[in-house]
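Please consult the sequence and the structure while reading.

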Amino acid sequence: MSQLILVVNRCVANIFLALFFLFTGINAVFQYLLVFTDFRLTHPEYVFVSDAIGLCYGPVLYLYYRYLLREHFCLRDLFHFVPATLFLAYFFLYELGYAGPFQYENYIDQPQHVAVLCAIMLSNLVYLSLCLFSIRERKSGRRNHEFRLITLLDFLIGALLLKSIFNIFVFGFHSILGTEIMDIVRTAKDTVFIGTNLVIITGAQLFFMRYPEVLNRDWFENTATTAEASAQSVNDDEELRAPTTVFASPKQPAPVASAPAPAQSSPTETTTSTQRPQIPDAQAQACIEKLNRLLDEKRMFLNAELSEKDLAEALGVPSYYLSKVLNQHVGKRFNEYINERRVAEAQRLLTSKDTANRTMFAISLDSGFKSESVFYTNFKKFTGCTPRAYKLQHTATKG
C-alpha cells in the first residue's frame, strides 16, 4: 500500500501517510513473529522494532496532517523523531553492546521496557492531542466535516488511539497483577493487536479505492472542468423545469399551469406568497450595502456551512427578501454570490507571502469551501484558470 500511495502522488504528505501504513504492516509482521513463532529465540534483538515504531506513530500521523496544509518540507520537523532516535541509540549501544549478549527475557517486562512503554503511551497521547486540537481549530466556524481527508484523519487518529489503549492495557496488567499471568494477557493483547493492524490496512485500502482523490492532489485540477460542466448542466435543467417567474410583480403576474382559476376571487386570494411586490431600488441598495459590510466585517462567507437563512437572520431580513435582492438587484444566486467572495479570498491567499507555503487543501479550507473539488470548480468558474495556474502566473509576474 505504501508503494501505491507514492506511485499515485509523491508529495510530502503522502510520504508520511505511506510511512504510517508501512510501519503498521511491519509492526504486525514482527508482532506475529515474536509472539507465535520461535523468532524471538533465534533473533531476540529484533524486539526493538515494535518499540521504535511505537515512538514513530504519533509524529508520522501529526506530520501527515501538517503537510496537508503546507507544501514544502521543513528540516526542523525531524526533531519529532528524536525520542525514537534516542531509544535506538540506547538499545544498540547499551542493550546490544554494553550489557552483553541480548536475551529476550532480560528486556521484556523489565523496568527499562516498562519505561519504553510509558514513553510510547505519552508520545501517542501528546500527538493525539496535537492532531485533535489542530483539526478542531480549523473546523471551528467552518465545520468541514464533510471533507474526505478529515474523515481519513479521523480514521487514522482512531487507529492510533486504539494502539494507545492496548499499551495502557498491558502496562496496567503488568503493574497490578505482576508477571504471573502476563503470558496469557500478552498473547490475547498481541492477537487483538495484529488483528487491529490488519483491519487498519484493509479499511484504508477500501477507503482509497472509493476515494482515490485523497491521494492525488492534482485530481481536483483534472476534474474541475468536468465538474463545472456537470454543475452547469444541472443548473440549466433546473431552470428549464422551474416556473417562468419566481417572484412575479403585480404588473406581470406569474402564469398558473394547473387547474383553471375560479370565476370570482377576492383580492386576498389572488395575492400568493410567490407574488410579492418589487423591492424598491433604494431599499435594495441599502440591503446590499449592509450585506457587503457584514461580510467584510464578520467574514461569514468563511463558514463552509453558511446558508441563505443564516445570512438573512444576520441581516435582520426574511430569507425570501434576501433571495429576491440577490436575484433581481445583484443578478446572482446566493451560492454564486458567496462562492465569488470565497474565490476572492482564495486569490488573496494565493498571492500572499504569508501563505506561500500553503497547500491547495489548506487554501480551500481557509477560503470557506466545503471540499477541494468545489473549490477548484468555482475558482475556475470565476477566474478562468485553476488555483495552481493562478498562483504560478502571479509568481512569474512578481519574478
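Q: Which residues touch the most other members in the largest nonpolar core?
A: This is a predicted model, in which local features need pLDDT of at least 70 and side-chain atom pairs count only at pLDDT 80 or more, while totals for chains, interfaces and linings use all residues. Residues are numbered from 1 along each chain as its sequence is written, and side-chain values use heavy atoms, leaving out hydrogens and water. A nonpolar core is a set of buried Ala, Val, Leu, Ile, Met, Phe, Trp, Tyr and Cys residues joined through side-chain atoms within 4.5 Å, where buried means under 20% relative accessible area, exposed over 50% and partly exposed in between (1.4 Å probe, protein chains only). Of the 42 residues in the largest such core, those touching the most other members are Phe16, Val47, Phe87, Phe91 and Tyr107.

Q: Which helix gives the most to this core?
A: Helices are DSSP runs of H or I with at least four residues, strands are runs of E with at least two, and both are numbered from the N terminus. Helix 2 (12–36), helix 4 (48–69), helix 5 (82–98), helix 6 (111–139) and helix 15 (360–366) each supply at least two residues of the core. The one that gives the most, with 16 residues, is helix 4.

Q: With which residues is tyrosine 107 in contact, leaving aside its neighbours within four places in sequence?
A: Contact means heavy atoms within 4.5 Å. Under the stated exclusion, the partners of tyrosine 107 are Val47, Asp51, Phe87, Phe91, Glu95, Phe102, Gln112, His113 and Val116.

Q: Is leucine 34 buried or exposed?
A: Leucine 34 has its place in helix 2. Not counting residues up to four places away in sequence, leucine 34 touches Phe39, Arg40, Tyr46, Val47 and Tyr104. From leucine 34 to tyrosine 104 the sequence separation is 70 residues, and their C-alpha atoms are 9.8 Å apart. Because its relative accessibility is 5%, leucine 34 counts as buried.

Q: How do helix 12 and helix 13 lie relative to each other: roughly parallel or roughly perpendicular?
A: The axes, which are lines fitted to C-alpha atoms over the stretch in contact, with angles from 0 to 180 degrees between N-to-C directions, come within 8 Å for helix 12 (residues 308–315) and helix 13 (residues 319–330) and cross at roughly 100°. Angles under 35 degrees count as roughly parallel, over 145 as roughly antiparallel, 65 to 115 as roughly perpendicular and the rest as oblique. Helix 12 and helix 13 are therefore roughly perpendicular.

Q: Does arginine 299 count as buried or partly exposed?
A: Arginine 299 lies in the loop between helix 11 (281–298) and helix 12. Its phi is near 50°, a positive value in a residue other than glycine. Because its relative accessibility is 30%, arginine 299 counts as partly exposed.

Q: Which residues does alanine 356 touch, not counting residues up to four places away in sequence?
A: Alanine 356 is found in the loop between helix 14 (334–350) and helix 15, and at 39% relative accessibility it counts as partly exposed. With this exclusion, alanine 356 touches Glu71 and Lys391.

Q: How many helices does the chain have?
A: Of its 399 residues, 42% count as buried. The secondary structure comes to 0 strands and 17 helices.
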